[in-house]
Amino acid sequence: MESITGIEIYPMISLLIFFIFFVALFWWVITAKKDYIKTVSNIPLDNNQNEVK
């Protein structure tokens with residue numbers, strides 16, 4: 001790997017993508033509406049919509 005020129009940029013790009021993704025995810029969690037989170041968290045427990053007729 002050391003013989004490839006310019007290879008040192010790939011770990012930096014990966015770290016940057018990782019960092020940006022988790023910062024954006026953290027920001028979305030902080031700013032998400034509480035009603036939306038409550039609705040989404042109750043979806044697995046809602047048996048009325050999941051019944052097969």
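Analyst: Tyr36 has a relative accessible area of 47%, so Tyr36 is partly exposed. The term covers values between buried (under 20% relative accessible area) and exposed (over 50%), with a 1.4 Å probe and protein chains only. The model is predicted: local features need pLDDT of at least 70, side-chain atom pairs count only at pLDDT 80 or more, and totals for chains, interfaces and linings use all residues. Residues are numbered from 1 along each chain as its sequence is written, and side-chain values use heavy atoms, without hydrogens and water.

User: Why is the pair of Trp28 and Tyr36 called edge-to-face?

Analyst: By the ring rule, the count comes to three aromatic pairs. Trp28 and Tyr36 form one with 6.4 Å centre to centre and 85 degrees between the planes. Rings of Phe, Tyr and Trp (its six-membered ring) pair if their centres lie within 6.5 Å; planes under 30 degrees apart are stacked, over 60 edge-to-face and the rest tilted, so the pair of Trp28 and Tyr36 is edge-to-face. Ring pairs also link Phe18, Phe21 and Phe22 into a cluster.

User: Why does Trp28 count as partly exposed?

Analyst: The relative accessibility of Trp28 is 46%, and therefore Trp28 counts as partly exposed. Ile37, in helix H2, counts as partly exposed because its relative accessibility is 36%.

User: What makes the nonpolar surface patch?

Analyst: The patch of about 1100 Å² is made by residues including Phe18, Trp28, Tyr36 and Ile37. Such a patch needs residues with over 30% relative accessible area and no salt bridge, with nonpolar side chains (Val, Leu, Ile, Met, Phe, Trp, Tyr) joined within 5 Å. A salt bridge is a side-chain nitrogen of Lys or Arg within 4 Å of a carboxyl oxygen of Asp or Glu. Helix H1 (9-31) and helix H2 (34-41) each supply at least two patch residues; the largest share, seven residues, comes from H1. Helices are DSSP runs (H or I, at least four residues), numbered from the N terminus.

Technical notes
Patch = residues over 30% accessible without salt bridge, like charges linked within 9 Å, V, L, I, M, F, W, Y side chains within 5 Å. Areas by Shrake-Rupley, 256 points an atom, 1.4 Å probe, with all protein chains shown as cover.
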